[in-house]
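Please consult the sequence and the structure shown below alongside the text.

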Amino acid sequence: MRIFLICCFSLLLVACGDDRADRLQANIKTADYLIENLGSNLDTDRIRNAIILQQYAALLTKEKPDLSPLLTALSKDATRNGAMYRSLTDRLSTLKSRPDVLGDIEAQLYESKTLVEASDPNLYSDALSDPINVIADMSDGKLARVNAISQAQSLQANGAESNGVGSQLVGNPAYGQWQSNSSGGSFWQWYAAYTLFSAISPRQIGYDRWSSRRDYSYYNDVGRNRYTSPQQKKSQDDLAQRTKKKFGNKGGFKSPYAKSKTGASSMSTASKQAQRAPSFSGKSSYSKQKSSSSSFRNSTSTTSRGVRRGK
């Protein structure tokens, strides 16, 4: 009887089938199409915040030509050559050619769905608010922030500490990385294209202090789960765990992502849904926790505060 039941159960499994491999391939095809479509939208100036980013960079270059190299680097984010877009294409390439490095089929499926979501033009446009607002903050109030409240309001609302010009980009692996120092701590190191930030804001940004006193940014508070590769996210989580162990029983450290900061305004519906959606923590090469599914849904709505002068 036991053997009979096992056989019946096996036949039932075969009849039901496991369609995850098929769904994965379908998601990959969708992501491939949508990422290319996103690139076409960037090429033809159909992403609102990409247009604003290029306009802001051009305007501030005229006002402050000494910042031209940095502004040129930031304006690339409005094109296919930007770090954010190239990250999507690199992640898709990994999913196609080396899916096993992501882990099991569930991890691969989640990454495929995340790439589909991240290629939403509205979500992508919102993500560009960080480099836009960096330029706005460098303009001495002549250019308005977009999708975010003023710097003064944000710092006060979050009890945050200003990390100088470019602080919205700290923690974002598209612009730099956390480096270890001789005392076992970590500090933010800008990539070569953005090293001018160090000259403008020479104070070194330490991970411990930044984690507890950081201000709002779109990447850290909304977009991290969509615009971070699994490997990068694993690195971020590992750093948080190492820092927590360093503090031991003192209880003086919490992950910089433990609590979302206040500061967003006029985000698209896509971003609001992404903010509410849980992140994946399934079995993979980068994470060993139990899995949770995403409730994110693509959106076709468009929102963003109009550009105007003033903070």
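A cavity is a set of grid points where a 1.4 Å probe fits but cannot get out, and its lining residues are those with an atom within 4 Å of a point. The model described here is predicted. The structure holds 2 cavities of 30 Å³ or more.

**Largest cavity**

- Sorted by class, the residues lining the largest cavity are 7 polar, 4 nonpolar and 4 charged.

**Second largest cavity**

- A volume of about 40 Å³ is found for the second largest cavity.
- The residues that line the second largest cavity are Ser129, Asp130, Asn133, Arg145, Asn147, Ala148, Gln168, Tyr216, Ser217 and Tyr218.
- Helix H8 (residues 129-138) supplies the largest share of this lining, with 3 residues.
- The lining of the second largest cavity comprises 5 polar, 3 nonpolar and 2 charged residues.

**Second largest pocket**

- The second largest pocket contains about 480 Å³ of space.
- This pocket is lined by 29 residues, with Ser87, Leu88, Arg91, Ser229 and Gln232 closest to its centre.
- Two or more lining residues come from each of helix H5 (83-97), H8, helix H12 (218-223) and helix H13 (230-247).
- H5 provides the largest share of the lining of the second largest pocket, namely 8 residues.
- By class, 15 nonpolar, 7 polar and 7 charged residues line the second largest pocket.

**Packing of H2 against H5**

- Helix H2 (residues 20-43) packs with H5 at an angle of about 155 degrees, and the two axes are 11 Å apart.
- Because angles over 145 degrees count as roughly antiparallel, H2 is roughly antiparallel to H5.
- H2 and H5 cross in a left-handed sense.
- On the H2 side, the contact involves Leu24, Ile28, Ala31, Asp32, Ile35, Glu36, Leu38, Gly39 and Leu42, which meet Tyr85, Leu88, Thr89, Leu92, Leu95 and Lys96 in H5.
- The contact of H2 with H5 has 10 nonpolar, 2 polar and 3 charged residues.
- Leu88 takes part in the contact of H5 with H2, and Leu88 is also one of the residues closest to the centre of the second largest pocket.

Definitions and conventions
Residues are numbered from 1 along each chain as its sequence is written. This is a predicted model: local features need pLDDT of at least 70, side-chain atom pairs count only at pLDDT 80 or more; totals for chains, interfaces and linings use all residues. Side-chain values use heavy atoms; hydrogens and water are left out. On a 1 Å grid over the protein atoms alone, a cavity is a set of points where a 1.4 Å probe fits but cannot get out, and a pocket is an open set with protein on both sides within 12 Å along at least five of seven lines; lining residues have an atom within 4 Å of a point. Grid points are joined across faces, edges and corners, and a volume is the space filled by probe spheres set on the points. Ala, Val, Leu, Ile, Met, Phe, Trp, Tyr, Cys and Pro count as nonpolar, Asp, Glu, Lys and Arg as charged, and the others, Gly among them, as polar. Helices (H or I, at least four residues) and strands (E, at least two) are DSSP runs, numbered from the N terminus. Axes are lines fitted to C-alpha atoms, for helices over the stretch in contact, and angles run from 0 to 180 degrees between N-to-C directions. Angles under 35 degrees count as roughly parallel, over 145 as roughly antiparallel, 65 to 115 as roughly perpendicular and the rest as oblique. A crossing is left-handed if the near helix is turned anticlockwise from the far one by less than a right angle, and right-handed if clockwise. Contact means heavy atoms within 4.5 Å.
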